[in-house]
Amino acid sequence: MKKAIFEKVGQMKLEDVEKPTIQAADDVIIKVIRACVCGSDLWAYRGLEDKAENSENSGHEAIGIVEEVGSEITTVKPGDFVIAPFTHGCGYCKACRAGFDGDCQSHSDNFSNGDQAEYIRFQHGQWALVKVPGKPSDYSEGMLKSLLTLADVMATGYHAARVAEVKPGDTVVVLGDGAVGQCGIIAAKMMGATRIISTSRHPDREALAKKFGATDNVAERGDEGVKKMLALTNNEGADAVLECVGTELSTETAMRVGRPGSIVGRVGLPHTGKMDVSTSFENNIILGGGPASVTTYDKERLLKAVLDGEINPGLVFTKSFTLDQINDAYQEMTDRKVIKALVVVSD
């Protein structure tokens, strides 16, 4: 089968590798229909974090058809259409039962890698996989895109809003205009926010943010950006802040634009080194967040919201690529020509 490989900084390639097999009783082999590139995949591609050359791709989002199941799997069967979350919660540990399956306590191998491939081995699939009614051919391409966001970015944006405790009538700042930030805007609107401030410097991303529910946009960064965001809140600060980037600047900004007592929902993969939290202390800003509770959110609300047409997060995919074009998919996201790259793996 074909699988994307991280060759070196700035270069992805395809290799022919052995198809994965069942190795544990709770494994599920999935034929991938659609995959994609995540903003976090780009850190190594851009040379901003260490990753061994010629290593497995860091892709972790897929939808597909169950091909084979281990002996302990009873919740899905061959032929089922499933969302493969990037998290692998068990559903019964204390963290999962509290709604934090992104930090499942039952195993250490809780996150997906290697999903940019024709087939994947999904570990701990009994509870974590999310079954979709019917089969892929029952759905439009637009609906398949929205279903794919439920493997990560829609659930991650929702996690930021949930952790930040967004309430009806709130003013919310969303830091980040990538797919996660865009989905954070969707989530904030779902939870009843009436003013949502996006932070894009790109016209196409600002337009999409507005379509999803943003009421204002601040393109400036640093002190000027903070000043403008605060001005939009009558200099009182936002009721909630969704940090969807993970950089030092974004994290610092998040702690400066919320009102006293507000919560920063952090879901951007941190690349901050040591973080100065004195601003948080001085302003009574609460910091929360981490890996999203993907399976919990999908099963409790997000899958139904997509199927019912309440939300359309698939709009974050602004260009499609084949698996053979995987390097183009990475490069065009790196160049900000694409918000999120869809990878069409099979029909």
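Let's start with N284. It sits in the loop between α10 (278-282) and β14 (286-289). Helices here are DSSP runs of H or I with at least four residues, strands are E runs of at least two, and both are numbered from the N terminus. The phi of N284 is near 55°, a positive value in a residue other than glycine. Most residues other than glycine have a negative phi. N284 counts as exposed, at 57% relative accessibility. Exposed means over 50% relative accessible area, buried means under 20%, and partly exposed lies in between, using a 1.4 Å probe and protein chains only.

A word on the model. It is predicted, so local features need pLDDT of at least 70 and side-chain atom pairs count only at pLDDT 80 or more, while totals for chains, interfaces and linings use all residues. Residues are numbered from 1 along each chain as its sequence is written, and side-chain values use heavy atoms, with hydrogens and water left out.

Next, R336. Its phi is near 60°, again a positive value in a residue other than glycine. R336 is in the loop between α12 (326-334) and β16 (340-344). With a relative accessible area of 40%, R336 is partly exposed.

Domain 1 covers 2-152 + 293-344, and domain 2 covers 157-289. These bounds come from an automatic or database domain assignment. Taken over C-alpha atoms, the two centres are 26 Å apart. Domain 1 brings 21 residues to the contact, and domain 2 brings 20 residues. Contact means heavy atoms within 4.5 Å.

How much area do domain 1 and domain 2 bury between them? About 1,900 Å², with 67% of it on carbon and sulfur atoms. Buried area is the accessible area, with a 1.4 Å probe, that two parts lose on being put together, summed over both. Y297, R336 and I339 supply 34% of the area that domain 1 buries against domain 2, more than any other three residues.

The rule finds one salt bridge across the interface of domain 1 and domain 2. A salt bridge is a side-chain nitrogen of Lys or Arg within 4 Å of a carboxyl oxygen of Asp or Glu. D177 and R336 form a salt bridge, their closest N and O atoms being 3.3 Å apart. Helix α11 (residues 294-307) gives four residues, the largest share of the side of domain 1 that touches domain 2. By class, that side has 12 nonpolar, four polar and five charged residues. Nonpolar means Ala, Val, Leu, Ile, Met, Phe, Trp, Tyr, Cys and Pro; charged means Asp, Glu, Lys and Arg; the others, Gly among them, count as polar.

Now the salt bridges in general. Side chains of opposite charge can pair when their charged atoms come close. How many are there by this rule? The count comes to 21 salt bridges.

Take D80 and K131. Their side chains meet at 3.5 Å, N to O. D80 lies in the loop between β5 (62-69) and β6 (81-84), and K131 lies in strand β8 (residues 130-132), so the pair ties together parts that are 51 residues apart in sequence. Is D80 buried or exposed? Buried, at 7% relative accessibility. K131 is partly exposed, at 43%.

Compare E252 and R256. Both lie in helix α9, four residues apart, about one turn of the helix.

T171 is found in strand β9. T171 is buried, with a relative accessible area of 16%. Not counting residues up to four places away in sequence, T171 touches R195, I197, T233, A238, D239 and A240.

Last one: L150. It is in the loop between α4 (141-149) and α5 (153-163). L150 counts as buried, at 0% relative accessibility. Leaving out residues up to four places away in sequence, L150 touches I83, V294, D298, L302, L303 and V306.
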